[in-house]
Amino acid sequence: MCPPSSITGSPSFGRTKQIDTLNVIPETRISQSAYSHASSLLAPPILNHSIRVYLYATALARHTDSIYVSDPAKHDLLFTACLFHDIGTTVAYDGPLRFEIEGADAAVKHLSQYAVPEQDKHDVWTAIACHTSPQIAERIGELSRLVRLAVITDFGRVSEAWEVLEPLRAKLESDFERKGIEKVLGDAVVEQAKQRPEKAPMVSWPGVMLKAAVAEPEWDGVNKAF
């Protein structure tokens with residue numbers, strides 16, 4: 001199988017230095033700064049997951065001839081949405097709202113440093129805020145759909161994109177190891193919710209995860225509601 005840079009068509013827009021040894025980070029100011037910020041905060045398993053999500057989303061965008069891979073400015077939005085989609089689990093963004101919203105707000109704040117149209121910032125916000133909302137994320141917008149399908153593919157869940165993306169899994173997980181992502185991410189979401197229950201509304205994914213953790217406090221494996 002080809003390396004990820006070949007899988008995704010080597011998105012390299014601009015002339016800034018390469019950050020990633022596999023050359024998968026777009027070479028634009030927005031994407032490079034998004035990577036720099038996210039990589040300084042995210043736990044390694046969550047950072048690797050976020051990069052895999054970006055590569056899946058880019059492969060799917062390429063398969064569907066999406067503007068999110070053909071237009072460098074739109075591709076920055078895709079990259080930012082993928083790299084920031086779980087940044088709400090970090091201490092830096094552990095605000096009063098559920099982690100998806102905190103991450104969406106963080107992404108908009110990042111993009112607001114640049115001349116990014118309000119609608120584009122809104123689309124990134126929606127993609128992150130809704131990425132744990134099945135059936136909604138897939139239909140609310142193109143960017144949200146790409147991020148959602150990439151996320152669930154990385155967790156091994158079959159979707160409409162499975163046949164396109166599943167062949168990439170072995171290579172991506174070799175290059176960007178999983179490192180127990182399910183437990184690390186699940187524990188991060190639950191620990192935040194234990195400190196601030198308002199971050200885990202009853203009908204949300206964090207809420208379901210918190211309920212499962214409280215029901216079996218002695219359980220030390222991957223959250224059973226993950």
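1. The disulfide count comes to zero, where a disulfide is a pair of cysteine sulfur atoms within 2.5 Å. Cys-82 takes part in none, the nearest cysteine sulfur being that of Cys-130, 15 Å away. Seen from the other end, the sulfur of Cys-130 has its closest cysteine sulfur in Cys-82, at 15 Å, which is too far for a bond. On burial, Cys-82 has 0% relative accessibility and counts as buried, and Cys-130 counts as buried at 15%. (Buried means under 20% relative accessible area, exposed over 50%, and partly exposed in between, with a 1.4 Å probe and protein chains only.)

2. A word on what we are looking at. This is a predicted model, in which local features need pLDDT of at least 70 and side-chain atom pairs count only at pLDDT 80 or more, while totals for chains, interfaces and linings use all residues. Residues are numbered from 1 along each chain as its sequence is written, and side-chain values use heavy atoms, with hydrogens and water left out.

3. On confidence: pLDDT is the predictor's confidence in each residue, from 0 to 100. The protein chain has a mean pLDDT of 91, and 90% of its residues reach 70 or more. Over residues 1-22, though, pLDDT stays under 50, and the model has 50 contacts for them beyond four places in sequence; a contact means heavy atoms within 4.5 Å. Where pLDDT is low, the predicted coordinates should not be read in detail.

4. Now the aromatics. Searching the whole structure gives four aromatic pairs. Here the rings of Phe, Tyr and Trp (its six-membered ring) pair if their centres lie within 6.5 Å, and planes under 30 degrees apart count as stacked, over 60 as edge-to-face and the rest as tilted. Phe-155 and Phe-226 are edge-to-face, because their planes meet at 80°, with ring centres 5.0 Å apart. That pair links distant parts of the chain, 71 residues apart: Phe-155 is in the loop between helix 9 (142-154) and helix 10 (162-165), and Phe-226 is in the segment after helix 13 (205-215). (Helices are DSSP runs of H or I, at least four residues, and strands are runs of E, at least two, numbered from the N terminus.) Phe-155 is buried at a relative accessible area of 15%, and Phe-226 is buried at 17%.

5. Phe-226 has another partner. With Trp-205 it forms an edge-to-face pair, at 5.3 Å centre to centre and 75° between the planes. Trp-205 lies in helix 13 and Phe-226 in the segment after helix 13, so this pair ties together parts 21 residues apart in sequence. Trp-205 and Phe-226 are both buried. Together, Phe-99, Phe-155, Trp-205 and Phe-226 make one aromatic cluster.

6. Which residues of helix 13 are buried? They are Trp-205, Pro-206, Gly-207, Met-209, Leu-210 and Ala-213. Their cover includes helix 6 (99-111) and helix 12.

7. The Ser-204 side chain reaches the backbone oxygen of Pro-201 at 2.6 Å. At the start of helix 13, a side-chain oxygen of Ser-204 also comes to within 3.0 Å of the backbone nitrogen of Gly-207. (A polar contact is a pair of N or O atoms within 3.5 Å; within protein, one must be able to donate a hydrogen and the other to accept it, and residues adjacent in sequence count only if both atoms are side-chain atoms.)

8. Another serine worth a click is Ser-39, in helix 2 (residues 29-41). Ser-39 is partly exposed at 29% relative accessibility. Its side chain reaches the backbone oxygen of Tyr-35 at 2.7 Å.

9. Two backbone angles to check. Most residues other than glycine have a negative phi. Asp-65, not a glycine, has a positive phi of about 55°; it is in the loop between helix 3 (44-63) and helix 4 (67-70) and is exposed at 68%. Lys-179, not a glycine either, has a positive phi of about 55°. Lys-179 is in the loop between helix 11 (169-175) and helix 12, and at 46% relative accessibility counts as partly exposed.
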